[in-house]
Amino acid sequence: MSKTVEVKEIDHLVKEGALLIDVREESERLMGYIEGSKNIPLGELSKHLGELPKNQPVYISCQSGKRGETAVQLLMENGFDAYNVAGGYRAYAEYLQSTGNEKEEKIEGTQIKPDKELNCSGLQCPGPISQVFQAMNQMKDGEVLEVKVTDPGFIADAKAWCANTGNTFIGSETTGKTTVAYMRKGAAGKPEASVQAGEEKTNKGATLVVFNQDLDKAIASFIIATGAAAMGKKVTMFFTFWGLNILRRDEEIPQDGKDFMEKMFTKMMPAGPKHLPISNMNMGGMGAKMIRQVMEKKNVDSLETLMENAMNMGVRIVACAMSMDVMGIRKEELIDGVEIGGVATYLGQAENANVNLFI
């Protein structure tokens with residue numbers, strides 16, 4: 001059992017100079033992180049042991065605490081005094097919301113007259129932050145957006161989003177399970193600093209190579225892509241081999257002109273999001289149906305909705321031309337809005353990206 005530290009203590013420890021390492025992937029931090037933490041993904045931690053101090057405690061944070069336990073065990077085996085943040089970033093975000101410590105300023109709702117109101121109650125990540133992104137793009141510099149949410153992680157996400165896009169998180173107030181947050185378009189005192197739709201804060205973007213056709217992995221891909229786009233990144237998703245099935249139309253397409261092997265591929269592969277299997281407990285398709293039912297019950301966007309939102313936010317969807325040829329998939333079999341490209345298309349975007357993932 002690894003040694004732990006409570007989430008309510010970690011901000012004070014970091015403020016006093018403690019070293020906090022976030023062992024999640026960089027893409028996960030796009031949607032929020034503990035201020036003052038240093039990002040070293042778990043898979044790379046062993047390479048950086050020589051850079052860490054042994055004369056003081058080292059604190060570890062991840063998403064839910066599981067990877068943190070592994071990281072603490074690794075550090076302790078190498079002579080470090082290490083502690084895991086109990087519950088990880090998820091517990092930290094929930095703690096901030098439940099205590100009201102997330103407030104940037106002490107505010108009363110009556111003190112602020114929002115220019116636009118957004119009700120995201122019941123929506124789960126990345127729904128609220130995606131709607132904030134779209135709403136802000138329709139607002140003028142200096143205008144205030146009011147957002148109602150029930151997602152416990154939203155406040156930390158909103159702070160990270162504002163910090164990365166040049167907007168201002170004013171504050172929030174919580175009543176029961178509902179939180180009302182206020183954000184101003186543009187940096188405080190510098191409205192011109194805000195990020196407009198399609199405008200890049202830096203030349204760093206994000207690319208995702210989607211090789212897998214599993215429903216759960218496709219959902220994760222589009223959640224990450226949508227989150228990155230909401231942060232102002234230029235996002236490219238490159239679909240290759242089995243990943244192409246995610247982009248197929250859910251309708252019968254004439255197969256005239258295809259040879260026997262191409263027709264067999266077409267018949268045996270899942271045609272679009274509604275027919276994708278899941279990576280574990282698929283049970284002949286029952287598992288995928290169960291996942292969809294749970295997502296609907298929890299107000300999590302379906303894969304189809306995630307795909308539509310990603311495209312509306314400017315995410316570039318590219319299908320690998322070579323893979324299409326090998327698998328006998330034609331352009332007319334893919335959904336609207338998909339580009340056809342080769343490896344050079346992907347590499348050209350990856351060169352200017354600081355987040356590159358293979359799923």
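What is the order of the strands in the open sheet of five strands? The order is 13-12-11-10-14, and the pairing is parallel.

## The model

This is a predicted model, in which local features need pLDDT of at least 70 and side-chain atom pairs count only at pLDDT 80 or more, while totals for chains, interfaces and linings use all residues. Residues are numbered from 1 along each chain as its sequence is written, and side-chain values use heavy atoms, with hydrogens and water left out.

## The chain as a whole

The chain has twelve helices and 14 strands. Helices (H or I, at least four residues) and strands (E, at least two) are DSSP runs, numbered from the N terminus. Of the 359 residues, 48% count as buried. Buried means under 20% relative accessible area, exposed over 50%, and partly exposed in between (1.4 Å probe, protein chains only).

Contact means heavy atoms within 4.5 Å. Among contacts with a separation of 6 or more, 72% come from residues 24 or more positions apart.

## The sheet

Strands of a sheet pair through backbone hydrogen bonds, either parallel or antiparallel. Here, two strands pair if DSSP finds at least two bridges between them. Strand 13 (339-341) and strand 14 (353-358) stand at the edges. Each has a single partner strand, so one side of each is left without a neighbour in the sheet. From one strand to the next, the twist averages 25°.

Strand 10 (residues 205-210) and strand 11 (residues 235-239) run parallel, joined by five bridges. Thr207 stands opposite Thr236 in strand 11.

Axes are lines fitted to C-alpha atoms, for helices over the stretch in contact, and angles run from 0 to 180 degrees between N-to-C directions.

Thr226 is found in helix 7. Its relative accessibility is 1%, so Thr226 counts as buried. Leaving out residues up to four places away in sequence, Thr226 touches Pro126, Ser130, Leu306, Ala310 and Met313.

## The cores

A nonpolar core is a set of buried Ala, Val, Leu, Ile, Met, Phe, Trp, Tyr and Cys residues joined through side-chain atoms within 4.5 Å. The largest has 60 residues. Phe154, Trp161, Met183 and Phe222 have the most contacts inside it. Helix 7 (residues 215-230) gives the largest share of this core, eight residues.

A second, separate core has 15 residues, including Leu19, Val58, Cys62 and Ala71.
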